Amino acid sequence: MSEHNVQQHQHDHTCDHTHGGTTDCGIPSYNVRNLLVRDDILAKTNELAEAIFRSEEVQQYRRAEQQINKNERIQALITQIKKKQKEVVAFETTFKNADMVKKIEGEMNTLQDELDNIPIVTEFQQSQSDINYLLQMVVSVIRDTVSEKINVENGAEKDPENCSD
């Protein structure tokens with residue numbers, strides 16, 4: 001881009017996208033750095049992140065995680081599963097032994113079933129799912145609200161020939 005931020009668009013005319021105002025074709029232009037670090041948005045984002053961190057879903061996740069980290073049987077199962085995963089890769093790639101791969105995968109499934117049947121592991125997995133749902137919901141609400149406000153304020157779509165690309 002040139003110093004004056006003039007861009008040639010596909011529809012063969014020039015629009016001057018100056019910073020801090022609107023362009024000749026009605027499109028506001030912003031400094032990308034300012035968009036990324038707007039203090040008011042960052043402050044609200046930090047407030048939202050703190051509220052999510054204090055939520056029951058996150059607190060339950062953290063409690064379950066601490067219990068899992070302290071549980072010797074769970075840690076031993078996780079270590080064994082990781083070891084089996086490495087063995088599967090070795091027998092698939094290096095030794096090309098499908099029978100051993102099948103045997104090790106069976107052993108891995110048995111270990112995984114045992115791990116999955118420990119109540120705190122189930123609670124941990126559910127809390128992960130709850131947090132993911134919460135985060136997806138927050139993103140959806142933000143996206144939908146911004147989209148709705150843009151559509152309401154603009155009223156209609158911009159004319160594609162009017163420098164809107």
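The model is predicted. The protein has six helices and four strands. Along the sequence, the order is β-β-β-β-α-α-α-α-α-α.

**Overall build**
- The protein has 165 residues, and 20% of them count as buried.
- Its accessible surface is about 12600 Å². Carbon and sulfur atoms hold 52% of that surface.
- Among contacts with a separation of 6 or more, 50% join residues 24 or more positions apart.

**Helix 2 against helix 3**
- Two packed helices are described by the angle between their axes and the distance between the axes.
- Helix 2 spans residues 39–54, and helix 3 spans residues 56–70. They pack at an angle of about 55°, with axes 4 Å apart.
- Helix 2 is therefore oblique to helix 3.
- Helix 2 contributes Ile-52, Phe-53 and Arg-54 to the contact. Helix 3 meets them with Glu-56, Val-58, Gln-59 and Arg-62.
- By class, this contact has three nonpolar, one polar and three charged residues.

**Lys-96**
- Lys-96 lies in the loop between helix 4 (72–94) and helix 5 (98–116).
- Its phi is positive, at about 50°, although Lys-96 is not a glycine.
- Most residues other than glycine have a negative phi.
- Is Lys-96 buried or exposed? Lys-96 counts as exposed, because its relative accessibility is 65% and the cut-off for exposed is over 50%.

Terms used: Residues numbered from 1 in each chain as written. Predicted model: local features only at pLDDT ≥ 70, side-chain atom pairs only at ≥ 80, totals over all residues. Heavy atoms only, no water. Helix = DSSP H or I, 4+ residues; strand = E, 2+ residues; numbered from the N terminus. Buried < 20%, exposed > 50% of the residue type's maximum accessible area, 1.4 Å probe, protein only. Contact = heavy atoms within 4.5 Å. Areas by Shrake-Rupley, 256 points an atom, 1.4 Å probe, with all protein chains shown as cover. Axes fitted to C-alpha atoms, helices over the stretch in contact; angles between N-to-C directions. Parallel < 35°, antiparallel > 145°, perpendicular 65-115°, else oblique. Nonpolar A, V, L, I, M, F, W, Y, C, P; charged D, E, K, R; others polar.
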